Structure formats: structure tokens, C-alpha cells
Amino acid sequence: MSTYSRRKFLQTTAGSAALAAGGMPFLGAQQAFAADLANQELRTVGLSVTVQERILNDFQQSSGVGAVNGKADIFPNTQTEILSGTDAYDCWEIIGERLAAMVATDKLAPVAAADLKNWSGIRDTFTTASDRWDRNRQIVGQIWEDESQTRLNMVPTVYNYDSIGYRPDLVDAEEASTWAALFDPKFKGKTGLNVDPLIAFGQAILAMNALGLLEVENPGNPDAASIEEASKFLISKKKDGQFRALWGDFGELVNLLASGEMVIADAWQPAVMAVKAQGVECSYATMKEGYRGWSIGVSPLKTSNNLEAVTAYADYWLSGPPAIAVSEQGYYSPTVNVKEVMDPDKYAFWYEGQPWVGATERGIKEGDLRDGGSLETRAANVAYWHQWPDEYDLLIRKWDEFLSA
């Protein structure tokens, strides 16, 4: 991998986009880190979307860290493992909503923003609070240790505004444009929910709001009564056979949508892109009620003896070339550095809502537009950001009841 030049990286457009689907290798981020990193190792854990062997190998080669390895697992499992006292990891590639649990249990070792060479390119979303929500209800209120914004509990590496993935040959675009579609009896047995309860409950409450069954102002942090009602709703739908699967793995989601076993699902956009790459029609809906905003990033763990390596890894994610891989999977990079190194036509498609230019690639044809439009357009249509619910214990008890129903 290290023999590739940056020019070659930019020319090889399929390489960076194929990470999640196991395609061509991720190529070099031209960055220099401290020489003493050779005496450190990096042990990371996170979703398979970001914990990729190609990425880790490239980081090791470009940074000089002595040893690098990663484990892919879903958020609930990793949270349980870390809170149980494991010291097996140096960092968790966490989702912002779960930071509250890590802070409350004193598990984190915040990194100084000044120690990140690439931090200057960070987008305003992560430094300037929107007046649409209270600060703690958006990502900028979750990632910082201090109000003066000098130390980060999480260095953001990817973010997006999630929606519904659907098969347009089997589901009408208008039908798919509401979260209620996941629970529509018309699609009984062919819908999917994410296995993370903090995601699934939010989707259920958005749907119940749309159906007039609830009026919850903040679906990301429902009160106890709303959780009780959403639990009853989810259990009744499960018993009626509404769901084909509760999915937690990227590959599982892709396979179920591509095969038609699921025709509509709470989905990650890269999974929709991976289905399209197989030559199967798949789209990402524009939601009437709004998208669900989230960000994943690197959180250093207090038990680590390799915090310099963790800082280097977080900084690596904010450099230009890794951000290309993020973007061409269908996510957004939290840094504007990507614009400096990404092909202008590709950046225009993924970030600015401009038509695709050039040969067909992974199911994207000349003149196609990214589902949902530009980053600015999508960011203006957010129902809520992921957040840690005040009634977490109750929500988890009700989720366990749903799983056993």
C-alpha cells in the first residue's frame, strides 16, 4: 500500500469506496508522526465500517506505530465490555451519543485539539452550536470535555444524516419518505431495524409521531411514558411479523436488501451504495420528518499506555486521503481537508449536490444526483441528533422485553 502515490490514490476512485464491501486497498495518507510511535501500539474497537484492516495497515505504515490491530463489534457490546473493566483497547471508535456513559464512568482520556495537526480543517458542525437545539442535543455539545473547547472526548472521523434505504423497484419513493414506512403493514415481513436500541427506539417514536400516536418533541430523548408506548408499539409489530431482521452488520444489511428479502430498512447510506454497486436498484429516502444525525469518532481510553498512538490515529483520520474513503462510501468527512485532495467532480457530487460526471461507477451513472442532495441541504433537514437518553435504564429494559417477545 505504501508504494502508491497520492496522485495514484486520487486516480483509483474505486479503491476508497470499496472499503466496506471488501474491495481494493485503502491507500496512503501522506503524514508524518513522532518517531517514538514505534514503541507504541494501537488497539482499537468499533464498527466494521471504520475498523478496517486496510485502514489500520495504512495507518501503521504512514505513522510508524509499532503494532496495530482492531476489533469490529456493535456499540452495545463494546460499551458493556468497557464498562465491565476491560483494558484490551486503547480507544473506542464510538458514536457520540454513547460518550455520556463513558464520561460518567471516567473511562476517557481526552485529547487536546492543539495536538491534532489536522484539526484546523474541522467543519463548523463540530465547533459551533446550532440554535435549533440545546447544546447537549447536538454533536458539538457531546464531543468536548470543556466549554472552552480545548479538549475532546471524541475526535470525529465520520458523520451522516441517516434515512431509510429502500428498493425503488419494489417501494415507491413517496411511500419510503416517512419513518412510518418501516412499520407499514404493506411491507410486513420485509422491513428492517438496526439492532442498537438507541437507534431503534428513535425510529419507532419518529414513526409514532408521524402516525399521530405520540407527540414527542425530542425523539432522541423520550420520557418514560413515551418509552413505554414505543415499547408496546415495537412488540406488537414484532408479534405481527413486521420485521425481516434486526440488523447490526453492514454485510447483512447489504445482502438482505440486494436479495429483496428486505425491501425497506433503517439503513446506512454506504449499504445502499453497496447494493447499487451490485447492479440492484436501491435508494436513500428524503425524510418528511427529517434525518437522524450522528457522528462516530476516536475516543482515547484512560487505561491505555498508548495515548500518543491514539492521538496519531485520530489525526490520521482527519487528513485528506482517509476522508476520500469516507466520502466515497456515502458518509461525510468532518474535515474540509477532503476538498483539497479529492477529485473536484467527485467532491461536487458527494458534497455539493452536483450531477455525476464521467463513466458509470458502482451503479452511479452520468448525470445521477446523490440521494437527498447536498450536504447543506441534508444538514438542514435533521429531526434530531443521536443523544444519550435520560431514561436509558428503562429504555434498555423495554428493549430486552422486545427482544424476548
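The sections below describe the cavities and then the pockets of this predicted model.

## Approach

Rolling a probe the size of a water molecule over the atoms shows where empty space is left. Applied to the whole structure, the search finds three cavities of 30 Å³ or more.

## The largest cavity

The largest cavity holds about 140 Å³ of space. Its lining has 17 residues, and those closest to the centre are Leu-47, Phe-75, Asn-194, Ile-199 and Trp-268. Strand β11 has the largest share, with three residues.

By residue class, the lining of the largest cavity has eleven nonpolar, three polar and three charged residues.

## The second largest cavity

The volume of the second largest cavity is about 70 Å³. Helix α7, which covers residues 197-210, gives the most to its lining, with three residues. Among the lining residues are Leu-198, Phe-201 and Gly-202. Others in the lining include Glu-97, Pro-219, Gly-220, Pro-222, Tyr-384 and His-386.

Seven residues of the lining of the second largest cavity are nonpolar, four are polar and one is charged.

## The largest pocket

The largest pocket has a volume of about 370 Å³. It is lined by 19 residues, and Asp-124, Thr-125, Ser-130, Tyr-161 and Ala-379 lie nearest its centre. Helix α15 gives the most, with three residues.

The lining of the largest pocket divides into eleven nonpolar, four polar and four charged residues.

## The second largest pocket

About 300 Å³ of space lies in the second largest pocket. Of the 17 residues that line this pocket, Ala-100, Asn-136, Gly-141, Gln-142 and Trp-388 lie nearest the centre. Helices α5 (99-104) and α6 (140-143) each supply at least two residues of the lining. The largest share, three residues, comes from α5.

Which residue classes make up the lining of the second largest pocket? Six of its residues are nonpolar, seven are polar and four are charged.

## Summary

The largest cavity has about 140 Å³ of space, and the largest pocket has a volume of about 370 Å³. Strand β11 gives the largest share of the lining of the largest cavity, while helix α15 gives the most to the lining of the largest pocket.

Terms used
Residues are numbered from 1 along each chain as its sequence is written. This is a predicted model: local features need pLDDT of at least 70, side-chain atom pairs count only at pLDDT 80 or more; totals for chains, interfaces and linings use all residues. Side-chain values use heavy atoms; hydrogens and water are left out. On a 1 Å grid over the protein atoms alone, a cavity is a set of points where a 1.4 Å probe fits but cannot get out, and a pocket is an open set with protein on both sides within 12 Å along at least five of seven lines; lining residues have an atom within 4 Å of a point. Grid points are joined across faces, edges and corners, and a volume is the space filled by probe spheres set on the points. Helices (H or I, at least four residues) and strands (E, at least two) are DSSP runs, numbered from the N terminus. Ala, Val, Leu, Ile, Met, Phe, Trp, Tyr, Cys and Pro count as nonpolar, Asp, Glu, Lys and Arg as charged, and the others, Gly among them, as polar.
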